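Have the viewer open as you read along.

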Amino acid sequence: MNLINTEMAVTAIRTLMIGSIDRIEDKFGDLWGHYKPEDEETTPEEDELYELFMELRESILDFGNQQICKVKGTKWKKK
């Protein structure tokens with residue numbers, strides 16, 4: 001794969017990662033109080049669901065970064 005194709009693939013993977021997270025947040029964000037005003041408290045259930053979302057978000061980003069490293073031919077190491 002040449003440099004241009006590699007960069008195009010990297011851009012596509014990043015777009016997919018961020019777009020996926022954004023769509024999850026759009027559809028389910030109300031479950032963890034994403035759309036509540038800042039001065040409104042979240043419930044314990046919303047806090048728990050937010051933590052699950054953050055774990056999912058991290059997993060999506062880690063997996064995407066692994067794929068980017070495969071495309072680039074480098075070794076992935078979580079920072």
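In which helix does Glu-55 lie? Glu-55 belongs to helix H2, in what is a predicted model.

**Glu-55**
- The relative accessible area of Glu-55 is 52%, so this residue is exposed, the cut-off being over 50%.
- Between Glu-55 and Ser-20 there are 14 Å in space, C-alpha to C-alpha, and the two are 35 residues apart in sequence.

**Helix H2 itself**
- H2 has 29 residues, which at 1.5 Å a residue should span 42 Å; its end C-alpha atoms are 42 Å apart, so the two values agree.
- The buried residues of H2 are Glu-46, Phe-53, Ile-60, Leu-61, Asp-62, Gly-64, Ile-68 and Cys-69.
- H1 is included in what covers those buried residues.

**Packing of H1 with H2**
- Helix H1 covers residues 3-28 and helix H2 residues 44-72; their axes come within 9 Å and cross at roughly 170°.
- That crossing angle is over 145°, and therefore H1 is roughly antiparallel to H2.
- On the H1 side, the contact residues include Val-10, Ile-13, Met-17 and Ile-21.
- On the H2 side, they include Phe-53, Leu-56, Ile-60 and Ile-68.
- Charged residues take part as well, among them Glu-7 and Arg-14 in H1 and Arg-57 and Lys-72 in H2.
- By class, the contact of H1 with H2 has 13 nonpolar, four polar and five charged residues.

Definitions and conventions. Residues are numbered from 1 along each chain as its sequence is written. This is a predicted model: local features need pLDDT of at least 70, side-chain atom pairs count only at pLDDT 80 or more; totals for chains, interfaces and linings use all residues. Side-chain values use heavy atoms; hydrogens and water are left out. Axes are lines fitted to C-alpha atoms, for helices over the stretch in contact, and angles run from 0 to 180 degrees between N-to-C directions. Helices (H or I, at least four residues) and strands (E, at least two) are DSSP runs, numbered from the N terminus. Angles under 35 degrees count as roughly parallel, over 145 as roughly antiparallel, 65 to 115 as roughly perpendicular and the rest as oblique. Contact means heavy atoms within 4.5 Å. The expected span of a helix is 1.5 Å times one less than its number of residues. Buried means under 20% relative accessible area, exposed over 50%, partly exposed in between (1.4 Å probe, protein chains only).
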